[in-house]
Amino acid sequence: MEMKNKNSGLSFVDIVEELQGKFDKVFEYVQSLKSENENLKQRVRALESEIEKLRQENDNLKRNGVVLFSAEEREELKKKIAFLLQRLNQYL
């Protein structure tokens with residue numbers, strides 16, 4: 001039962017096949033985005049883990065009397081880290 005659209009000359013089957021092809025492309029794109037999103041989440045977790053290790057190392061150095069950053073440098077570093085985390089979170 002093939003119905004033709006008077007305006008376009010495409011049959012119902014042709015339209016369904018075209019829509020199926022578009023759906024498949026959208027589905028593949030969504031899958032790609034999900035995969036990229038998961039990779040970015042893993043990267044954020046790795047970076048957060050690294051930040052925590054660095055904080056612990058810095059705390060240990062402070063307890064031992066070693067100061068690596070001045071108060072101003074520490075604030076600047078905090079701002080940079082917050083900015084980087086904010087940019088990463090925009091992609092999630």
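Is the crossing of α1 and α2 left-handed or right-handed? I looked it up, and the crossing of α1 and α2 is left-handed (the near helix is turned anticlockwise from the far one by less than a right angle).

Some ground rules first. I am working with a predicted model, where local features need pLDDT of at least 70 and side-chain atom pairs count only at pLDDT 80 or more, while totals for chains, interfaces and linings use all residues. I number residues from 1 along each chain as its sequence is written, and side-chain values use heavy atoms, with hydrogens and water left out.

**The helix pair**

I found α1 at residues 12-63 and α2 at residues 71-90 (helices are DSSP runs of H or I, at least four residues, numbered from the N terminus). Their axes come within 11 Å and cross at roughly 165° (axes are lines fitted to C-alpha atoms over the stretch in contact, with angles from 0 to 180 degrees between N-to-C directions). That makes α1 roughly antiparallel to α2 (angles over 145 degrees).

I listed the contact next: Val44, Leu47, Glu48, Ile51 and Lys62 of α1 meet Arg74, Ile81, Leu85 and Leu88 of α2 (heavy atoms within 4.5 Å).

**The pocket**

I noted 13 residues lining the largest pocket, with Leu54, Arg55, Asn58, Leu77 and Ile81 nearest its centre (a pocket is an open set of points on a 1 Å grid over the protein atoms alone, where a 1.4 Å probe fits, with protein on both sides within 12 Å along at least five of seven lines; lining residues have an atom within 4 Å of a point). The largest share of this lining, seven residues, comes from α1.

How values were computed: Helices (H or I, at least four residues) and strands (E, at least two) are DSSP runs, numbered from the N terminus. Angles under 35 degrees count as roughly parallel, over 145 as roughly antiparallel, 65 to 115 as roughly perpendicular and the rest as oblique.
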